[in-house]
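Hi everyone, thanks for making time for this. I'll walk through one structure, so please have the picture ready and stop me whenever you like.

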Amino acid sequence: MKVAAVFINLLYFLLLAPLLEGVMRKITARIQSRQGPPLYQPYLDLIKLLGKENLNAAGHRAFRLAPLLAFASILAVVALLPFGGGSNFLAHSSDLMTLIYFLTLSGFAVLLGALASGNPFASVGASREMMTIIMLEPVLAMTLILGAVRSGSFSLAEALGGVAAPGELSYFLMLAVFLVALQAFVSRQPFDIPEAEVEILEGPYMEYSGPDYALFRYALNIKRMFYGWLLAAGFLGSWLPGNLILSWLVQTILILLIFVAISVVGATHPRYRMDQALKYYAVLMILALIAVGFGVKGW
Amino acid sequence: MTGAEGFWLSLISLGLSFLMAIVLRKKAGLLRTGGTLLVSLSCLFLAWQSVIILGGGQPVELEIKTGVFHLPVLIDGLSALFLLLLSVLTLASAMFAYGYFERMPAERIRKIYLVFPVFIFGLIGLLTVDDLGPGFALAWQMMAVSSYFLVRWGRDEKLSTRPALTYLGFMELAWLLVAGSAFLAPGYHFGDSLAVIGEKLNGSSPAAAAVFFGLLLLGFGLKTGVFPLGQLWIPGAYSTASPPVSALLAGILEKTGVFGLIRVFFFVAREAGTVFEARLWGRALLVAGTLTLFIGTVQAIKQSDYLKLLAYSSIGQVGYILFALGSSLVALASDSMPARSLATVIFIGAIYHSLNHGVFKSLLFLTGGSLLYATGSRDLNRLGGLLAAMPVTGILAALASYSIAGMPASSGFTSKWLMISGNFLAGRSDLLLTFSGIVALFTAAFTLACYVKFFGLAFTSAGAGWKLKKEIREVPSSLLVPKVFLMLICLSQAFWPQFYVKLINRSLLAAQDFLLAGSAVEALQGDRSGLKIVKNSGVLAAASPLLMLLLILALVLLARWLRQAGGSGQVRVPAWLCGYQELNQDNVYADRNMFSDLKKFFRWTGANDNRVVEDDESIDRASPEEKEVIT
């Protein structure tokens, strides 16, 4: 069961992640009075991209390695996640620092690919992506650290249990911070600054096409789903029903609802400039810091 | 001469090297070969000596009597560990220097090889001399004066005189502070060993003891580069000295400061007994370290001169070590038992990070040296796309950057994991510990940004081919071999942390009068897969580099399979620029644009001037419109 948990997690994320993009595209289209593509369109897109030709703009290995690394590291994050409240067989040799750094690694892979492509637009995107990682990853880290402070352990299952335990001031403050940060975590408007399609033409992914782009796209979808999962199974975890199947179903519905909300916010807000976003992230960081402080004090 | 043969033979080799430089003044080529051989030989002897001591032998205590002065020498486990680091780094750096100095004028080679053995001699002295009196003064002055000359001869005298003099000035100030502090111990006799000083301090007033520890914190802090003192001399000195020397300055000279701090706050402090307030000094070190690690790293990302970038980042990394030392003291002083047993875990993390940082920062400086050797430019704005021209240097630089950024399955990850997770677990109910741990975690992302920039803009990206009007080739193998040597050690540190932790543990067992002696190390367990922090058989935290590597590799294979599943081919195309591909070379994203909004946001941290002064004045200056920043 402990070994199977890893594969169930991987399959769950691999299968569901593109659907979330479908939801976002559909809702966004409806808000803009368009029909929108069918919900399963992202699956078709991935299959189509996998069959296309790979264009290589750089001519060295770093460019080709980046998409593999991005995809692998975000899946590594997924593989570590506890399943059904219990820890899997990787839990004895990993903890939440491992998770945070795998997440950083997936961001790093995007940067590597962008800089390797040698395209100035991609470099602008890389610069913005890195700034976002610097300011935003600490908010995620502090969410988990609050869990670690409250549970007294760095192990992922226990730290997530610490995140989920409601009833204290620190929980509600961190939940609020996480909700406000969610839009930025999944890099949708108004925080899609690194990609900024109409401004810097998808930034880091600009030179990528075909299967390499499919991997990046897939990795981005899985990353978005991870943040949705963290809200549903982490913060709201203690309210999920006890039955494994039932709780899993409720959790999936919650994730879908979260992405409906994300799309509504995304479709109705214009993009921030980088300097505006930095100030926004700084406020989030300070609030998260206060939440951890509350956690330390036991409030 | 019981058990100290390696030590003596090592010093004798250095002495011979010095004599040879005097005798062979006319033959620069022979001198270069002979000097490299003798220094390498000395490193081997030193490594042998350290291994004997670490392998379970007794610490070596010697009393050298010259006239009125007694020089107490103590090589315990801790010294042996740092001596081992010294010998490894000196070996790599001396081998690198052999190839690097080939292009130097004969006059300068002669001078450098006269001073270099003195420098190493001084460093060995600092790690072995056990007093704050004559022995310490001798070792410190040998180190300071010789490295002053090495810094001065690193660049054109017009550029190097000022930073070199600043360096010497601060080194002398640091010496005065350290040597002067001992007089605060009642009944101090010039030449007393550290243990005796500690005992004498025991009877003194708390105020005198506070001044004593304060002066030492300032003195050794100056040397390690505590904020704001490090910023005064480190960037200038490290970017002025030639890269093989900078590799030693950042790799080991800085660590002798760390060694001094450990000797004071973890050894003398034990003898001093109740007059030493562990909680107070722990907090002082913690705050100083946290400030240093944050400010140093943020300043590093602002630099366009890659040697300066490495220098500022050294300040940041030493900040991590100080942070951990402070955190360890605070944990030790806390009332709860689990926190006390975590003090040792954090301390081991600090030592491990010293070893790791020594290796990968030296590797990075040698990479910087190779870049300078191959391109002649120290400006990241002018580099780019060198991975194609310098593949081996590029891959080694990638590995070192990956390690220092602490990415999964690297040596930096494991040592940062020990320090940070230990800190959080010990500081569950301590605001200061938790907050400084968060700053340390936050700063890790800055370190990543710094080295993404360094590696990305020098080796990937594009530009060097267009901006430097010369053909760039891979550096000769004499410059590659020492880097490969360091890389192998760096990899062993990444994937064999159990061994290093065991080694550090052993060195602490062999150390006498250690403050943390007797506090439980059972909290940290190593097995085949990696390291674990445990409490009552429950795993609190775990890190397994090997498992992380296997996981990533398996998933990369999955991704590769997916990529090929559609059977698609590959075509080489130029980078797309809205249809103006032929203008690519006029549209390169230069270094000064990287993170511009973030740099503006953190303007208050200082060191905002990112001008680069090239050695070669013939490299044309950037035109004014080239200086605008794109956000």
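Predicted model: local features only at pLDDT ≥ 70, side-chain atom pairs only at ≥ 80, totals over all residues.

Residues are numbered from 1 along each chain as its sequence is written, and chains are lettered from A and ligands numbered from 1 in the order in which they are written.

Back to B:A409. It sits in the loop between α15 (391-404) and α16 (411-426) of chain B. Helices (H or I, at least four residues) and strands (E, at least two) are DSSP runs, numbered from the N terminus. B:A409 is not a glycine, yet its phi is positive, about 60 degrees. A:S33 lies in the loop between α1 (2-31) and α2 (41-50) of chain A. A:S33 counts as exposed, with 6 C-beta neighbours inside 10 Å.

Now let's look at chain B as a whole. Its secondary structure comes to 22 helices and six strands. The radius of gyration, taken over C-alpha atoms, is 24 Å, close to the 25 Å that the globule rule (2.2 Å times the number of residues to the power 0.38) gives for 631 residues, so chain B is as compact as a globular protein of that length. Along the principal axes, its C-alpha atoms fill a box of roughly 80 × 65 × 45 Å. Buried residues make up 60% of the 631 residues.

One helix to find is α6 of chain B, residues 157-181. How far apart are its end C-alpha atoms? They are 35 Å apart, which agrees with the 36 Å that its 25 residues should span at 1.5 Å a residue; the expected span is 1.5 Å times one less than the number of residues. Among the buried residues of α6(B) are B:Y167, B:M171 and B:W175. The buried residues of this helix pack against α5 (134-152), α8 (206-224) and α9 (229-240) of chain B. In the loop between α8 and α9 of chain B you will find B:P228. A cis peptide bond joins B:F227 and B:P228, with omega of about -5 degrees.

On to the strands. Two strands pair if DSSP finds at least two bridges between them. Strand β1 (residues 60-66) of chain B runs antiparallel to strand β2 (residues 69-75) of chain B, and seven bridges join them. B:T66 stands opposite B:F69 in β2(B). The two strands form a hairpin with two residues between them, and B:G67 in the turn has a positive phi of about 60 degrees.

Chain B also has an open sheet of three strands, in the order β3-β4-β5, with antiparallel pairing. β3 (524-526) and β5 (538-543) stand at the edges with a single partner strand each, so one side of each is left without a neighbour in the sheet. Strand β4 (residues 531-535) pairs with β5(B) over five bridges, and B:L531 stands opposite B:A543.

Finally, how do the two chains meet? The contact takes 68 residues from chain A and 69 residues from chain B, where two residues are in contact if their C-beta atoms, placed from the backbone, lie within 7 Å. On the chain A side, α5(A) gives the most, with 15 residues. By class, that side has 40 nonpolar, 21 polar and seven charged residues. Here Ala, Val, Leu, Ile, Met, Phe, Trp, Tyr, Cys and Pro count as nonpolar, Asp, Glu, Lys and Arg as charged, and the others, Gly among them, as polar. In β6(B), B:Q570 is the bridge partner of A:N54.

Note on methods: Buried ≥ 20, exposed ≤ 12 C-beta atoms within 10 Å, placed from the backbone.
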